[in-house]
Amino acid sequence: LPDSTWKMYLDRRSILLTFLHTNLSLHFLRHHHKRVELLKKSSFYIEILPRHLALGDQSHPMHPINMFQHVDPWRFQRMKTVGATQTKIQLLLLEDLLQQLGRGREELLCCLKTCDVLTFLSRWDWIQQRLSDLSKMLDSFLGALVPGKLHLKHRLVPDARAAQIPRIRLVLSTKMPVMFDRNESVASEDRATLRWLSASKQEQSEQYELSFRLLELGLQKERGHGGTLTITSNGCEIQNLQPGREYHFTIRRAETYTLVYEPWHDSITLKTGPSLDQDT
């Protein structure tokens with residue numbers, strides 16, 4: 001091969017390798033796969049903000065929660081349905097883009113490994129086009145990772161009140177899933193101690209719903225041996241359980257007025273210890 005051809009091959013191969021090792025590395029794909037899986041388990045909420053106020057900015061004298069007293073409840077419920085639909089589409093889009101990025105990376109790696117010098121150079125126009133397409137796809141993926149604003153199709157504030165408040169906008173916000181602490185959640189003879197945590201910033205007044213039920217119901221009198229508790233902490237103890245039996249526990253955030261989509265909740269199964277009388 002002429003030196004010029006070899007140099008061109010090395011230069012173009014370097015461009016492709018740099019893209020695969022930086023923009024579209026295996027570490028990047030694995031990291032964002034975990035991130036998307038976490039988003040699929042997260043809770044999504046609507047926030048109402050004055051149009052000029054940045055998301056999360058609490059310095060404005062009108063706290064976002066006060067905006068709800070001005071909003072038409074029926075129209076707000078319709079926007080919650082729009083928010084849920086938008087969230088589902090966004091999660092599906094993220095999964096699809098991640099799969100396409102993975103396939104694109106495999107295609108380019110295969111080209112690197114199997115093509116000889118002349119074949120690689122002859123396919124360079126195709127490689128450049130794939131690099132361009134994958135770069136745009138990357139931008140779309142990273143942009144879709146952050147929940148966006150909701151497009152208002154209906155006036156949420158009745159005309160009579162509209163002059164009293166600033167123009168508003170709706171945005172979707174996310175809270176990371178609540179998960180049981182597997183190390184701290186244990187059962188003894190007649191009780192279970194449950195602990196849970198979340199990666200989201202803890203709100204002082206946040207409430208959780210803990211549900212439990214006895215598995216493999218036996219006698220008729222055991223039916224209904226379960227329930228749901230509302231708890232304002234990150235743990236609790238449930239007493240008066242049947243010894244030597246399995247219980248199924250689930251944890252989720254308590255539903256609020258602004259919740260639009262919560263597709264998942266964590267669960268754990270614990271078995272109580274045998275009765276002390278049986279041991280004796």
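1. Helices (H or I, at least four residues) and strands (E, at least two) are DSSP runs, numbered from the N terminus. With these terms, the face of α5 turned away from its buried side carries the exposed residues D125, K136 and D139.

2. Please keep in mind that this is a predicted model, in which local features need pLDDT of at least 70 and side-chain atom pairs count only at pLDDT 80 or more, whereas totals for chains, interfaces and linings use all residues. Residues are numbered from 1 along each chain as its sequence is written, and side-chain values use heavy atoms, with hydrogens and water left out.

3. Helix α5 covers residues 124–144, which makes 21 residues, and its first and last C-alpha atoms lie 30 Å apart, close to the 30 Å expected at 1.5 Å a residue; the expected span is 1.5 Å times one less than the number of residues. Its buried residues are W124, I127, R130, L131, L134, M137, L138, F141 and A144. Seen down the helix axis, these buried residues of α5 fall within an arc of 155°, so they line one face of the helix, the arc being that of the directions from the helix axis to the C-beta atoms. What do the buried residues of α5 pack against? They pack against α1 (3–21), α2, α3 and α4 (117–122), where contact means heavy atoms within 4.5 Å.

4. Side chains of opposite charge can pair when their charged atoms come close. A salt bridge is here a side-chain nitrogen of Lys or Arg within 4 Å of a carboxyl oxygen of Asp or Glu, and a search of the whole structure finds eleven salt bridges. E37, K40 and E95 are linked in a network of such bridges: the closest N and O atoms are 3.1 Å apart for E37 and K40, and 2.8 Å apart for K40 and E95. K40 lies in the loop between α2 (26–39) and β1 (43–50), while E95 lies in helix α3 (residues 73–114), so this pair ties together parts that are 55 residues apart in sequence. E37 is partly exposed at 27% relative accessibility, K40 is partly exposed at 25%, and E95 is partly exposed at 27%.

5. Another salt bridge joins R191 and E237, with the closest N and O atoms 3.3 Å apart. R191 lies in the loop between β5 (186–187) and β6 (192–198) and E237 in strand β9 (residues 235–238), so the pair ties together parts that are 46 residues apart in sequence. R191 is partly exposed, with a relative accessible area of 28%, and E237 is partly exposed as well, with 40%.

6. Leaving aside neighbours within four places in sequence, W196 is in contact with several residues, including V178, F180, Y208, L210 and I251. N234 is also among the contacts of W196, and the C-alpha atoms of W196 and N234, 38 residues apart along the chain, are separated by 5.5 Å.

Terms used. Buried < 20%, exposed > 50% of the residue type's maximum accessible area, 1.4 Å probe, protein only.
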